[in-house]
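I opened my notebook to keep track of what I looked up in this model. Here is the structure, and my entries follow.

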Protein chains: 2
Amino acid sequence: MTNYKTTELGKIEDLVKLENGKIFLHDALELSSCEISVNSVPKGFKVPFNHRHKQNEEIYLILKGEGVITVDGTAVKVKEGSAVKILPDASRTIENTSDGEFQFICVQAKANSLEQYGLSDAELC
Amino acid sequence: MTNYKTTELGKIEDLVKLENGKIFLHDALELSSCEISVNSVPKGFKVPFNHRHKQNEEIYLILKGEGVITVDGTAVKVKEGSAVKILPDASRTIENTSDGEFQFICVQAKANSLEQYGLSDAELC
């Protein structure tokens, strides 16, 4: 019994070879605090539906390329280094507008669940 | 009042120019579910202390380079695509063992706070 668990995704650009261009970490790492997807999608990729969440806030962080996240009908242009928080109730979808790969991470965790963070939650040991 | 908030970090490799080579998203995005740091640290970088958490699970995702995360005294080698969950009570530190930059993301969220995820929490709209 250890206090950590690891998984190896391989090179992030190679995730584009997977059916949906994504891999999830929750089950692989037995997470209890959040779900994380790591995504590498090809030119022309668009999630073909809008969705919202019941409880969970989502945070998208763009690692490579350019795209558009549409939130409640508003198109938000994103590129490497863009980070976007989306509240649970908002409608959202994401598309790749690059000429090549579009890489991003999406974290979902329960809205209002974080009680403390940073120095409040950490202690030296 | 919108259901989303954005911030721009710029190119992730350029975060190495910041004092600690990192930027946090919680305050910039007014997150309520987690804290996320995005890190780009130079050759030779090592966090000079061990720490643990009171409530929060941490997940490290390595984007570039190679390093070592030491958990409860065990050295875990990591590289691009490695993902590591660390439970709150474990002692941890991280170092760059690459010849160049080491890029990673660290998510912290409250252990056992996630009630549902994936299709259980999402609905088409």
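**Entry 1: a strand pair in chain B**

I began with one residue and found that B:E57 has B:A109 in β10(B) as its bridge partner. The model is predicted, so I note that local features need pLDDT of at least 70, that side-chain atom pairs count only at pLDDT 80 or more, and that totals for chains, interfaces and linings use all residues. Residues are numbered from 1 along each chain as its sequence is written, while chains are lettered from A and ligands numbered from 1 in the order in which they are written.

I then looked at the strands around that pair. β5 (residues 56-64) and β10 (residues 102-110), both of chain B, are joined by eight bridges and run antiparallel. For my own reference, two strands pair if DSSP finds at least two bridges between them. Strands (E, at least two residues) and helices (H or I, at least four) are DSSP runs, numbered from the N terminus.

**Entry 2: the chain as a whole**

I listed the elements of chain A and got one helix and eleven strands. Read from the N terminus, they run β-β-α-β-β-β-β-β-β-β-β-β. The C-alpha atoms of chain A fill a box of roughly 45 × 30 × 25 Å along the principal axes.

Chain A has 125 residues, of which 43% count as buried, meaning that 20 or more other C-beta atoms, placed from the backbone, lie within 10 Å of the residue's own. I also checked contacts, where the C-beta atoms of two residues, placed from the backbone, lie within 7 Å. Among those in chain A between residues at least 6 apart in sequence, 66% join residues at least 24 apart.

**Entry 3: the sheets**

Which strands make up the open sheet that starts with β1(A)? I read the order as β1(A)-β8(B)-β5(B)-β10(B)-β3(B)-β2(B), six strands with antiparallel pairing. β1 (4-8) of chain A and β2 (22-24) of chain B stand at the edges with a single partner strand each, so one side of each has no neighbour in the sheet. From one strand to the next, the twist averages 15°, with axes as lines fitted to C-alpha atoms and angles running from 0 to 180 degrees between N-to-C directions.

I also found an open sheet of six strands in the order β2(A)-β3(A)-β10(A)-β5(A)-β8(A)-β1(B), again antiparallel. Its edge strands are β2 (22-24) of chain A and β1 (4-8) of chain B, each pairing on one side only. Within it, β5 (residues 56-64) and β8 (residues 82-86) of chain A run antiparallel and share four bridges. A:E58 has A:I86 in β8(A) as its bridge partner.

**Entry 4: where the chains meet**

I counted 64 residues of chain A in contact with 64 residues of chain B. Elements that each supply at least two residues to that side of chain A include α1 (26-29), β3 (35-41) and β4 (51-53). By class, the side of chain A that touches chain B has 29 nonpolar, 20 polar and 15 charged residues. Here Ala, Val, Leu, Ile, Met, Phe, Trp, Tyr, Cys and Pro count as nonpolar, Asp, Glu, Lys and Arg as charged, and the others, Gly among them, as polar.

**Entry 5: symmetry**

Last, I superposed chain A on chain B: a rotation of 180° with 0.0 Å of shift along its axis does it, with an RMSD of 0.0 Å. That is the relation of a two-fold axis. The same surface serves both copies, as 100% of the contact residues of chain A recur in chain B. In chain A, the residue that comes closest to the rotation axis is A:S113, at 3.2 Å (C-alpha).

Notes
Copies are superposed by least squares on the C-alpha atoms of residues with pLDDT of at least 70 in both. A residue is buried if 20 or more other C-beta atoms lie within 10 Å of its own, exposed if 12 or fewer, and partly exposed in between; C-beta atoms are placed from the backbone.
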